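The following paragraphs lead the reader through one structure, from its overall make-up to individual residues. Please keep the sequence and the model in view while reading.

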Amino acid sequence: MDTDRTDLGGSVPLFPFPEGWYFVASRKSILETGLIQKTWLGQEIVAWCGSDENVCVAQAVCPHLGADLAPAAGGRVRDGRLVCPFHGFEYDVSGQCVATPFAPPPRATTLRVFETRELLGMVFAWWGIDGRPPQWRLPADPPSGPDWSGLEFRTVRFPGHPQDIAENSVDLAHLRYVHGYDNVKQVGQTSVDGAVLETCFDFRRTRRIAGIVKVVFDVAAVTRIFGLGYSYVEVRERSIGMDTRLWVLTAPVDGRLVEIVLAGQAREMRRPKRPIVGLRFLPVSFRAPLMNKIIISA
Ligand code: FES
């Protein structure tokens, strides 16, 4: 694995693939696709769901003779096992070869798998320098319930490094000039504990919804960062009583590009009687998903 430093023009070159937990895919998309392939931290990986519902994230290289296991090369999932397109060896979600078409499975033949953690249906995998195990844990699932909408996802890619994105959480000046927030104020002290950073800030934001009605949001935000791949923002809107959650999930692609997945979730408003773009006239089951779409597309 190439762990050379990347020079993106800053004063200190950065390791292209910092250790941490990085988003792979949602469980929903893995189930819909059957076998997902992606370029992730400079390597090709596959992800699939076994018959026991556990998700496996593995290098897309067959340990038998090195065949490509990606679906485009013929890799497929059958009965919860990944089947190599070259000689038909089958792998379970632990990465172990458990069957071949013509002989007992060789016990020493195993995929290189990555430790995974699933959080509200989002699948993360740990990338450790020289393969070392996780050095910190992701947080527990946040409280959930029927008043929360489903997760909405948006993905963007551009040249950069995950540190560039993580630094934005403490760069309050950019919130005004890039995102158009007003009255941005730090609340309390930023705390750092190992790989975990927590910071709080308030701001106001004026948005036109449906291009017509102007709404001023009065917001308190708490950001928690776990390493460079996982950033979680709890947003409490005071004027219309709306809670939202935003995950900013950054993963290096190939040492040059980063992929950012924005995942958002909105809660049914606490005070929907306040007039806001006719939302009070919508069925309750539509309001939170609609607000979630508006927020994630911002
Ligand atoms: S290379 Fe995969 S089974 Fe032979």
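A residue is called buried if 20 or more other C-beta atoms lie within 10 Å of its own, exposed if 12 or fewer do, and partly exposed in between, with C-beta atoms placed from the backbone. The model is predicted: local features need pLDDT of at least 70, side-chain atom pairs count only at pLDDT 80 or more, and totals for chains, interfaces and linings use all residues. Residues are numbered from 1 along each chain as its sequence is written.

The protein chain has four helices and 18 strands; these are DSSP runs numbered from the N terminus, with helices (H or I) of at least four residues and strands (E) of at least two. Of the 298 residues in the protein chain, 31% are buried.

One part of the fold is an open sheet of four strands in the order β2-β3-β4-β9, with antiparallel pairing; two strands pair if DSSP finds at least two bridges between them. Strands β2 (35-40) and β9 (113-114) stand at the edges with a single partner strand each, so one side of each has no neighbour in the sheet. Within the sheet, β3 (residues 43-49) and β4 (residues 55-59) are joined in the antiparallel sense by five bridges, and Val-46 stands opposite Ala-58 in β4.

At least three residues come from each of domain 1 (20-131) and domain 2 (152-296), the bounds being taken from an automatic or database domain assignment. In soluble globular proteins, nonpolar side chains tend to be buried together.

Most residues other than glycine have a negative phi. Leu-41, in the loop between β2 and β3, has a positive phi near 50°, and Leu-41 counts as buried because 22 C-beta neighbours lie inside 10 Å. Asp-79, in the loop between β5 (76-78) and β6 (81-83), also has a positive phi, of about 50°; Asp-79 is exposed, because 10 other C-beta atoms lie within 10 Å.
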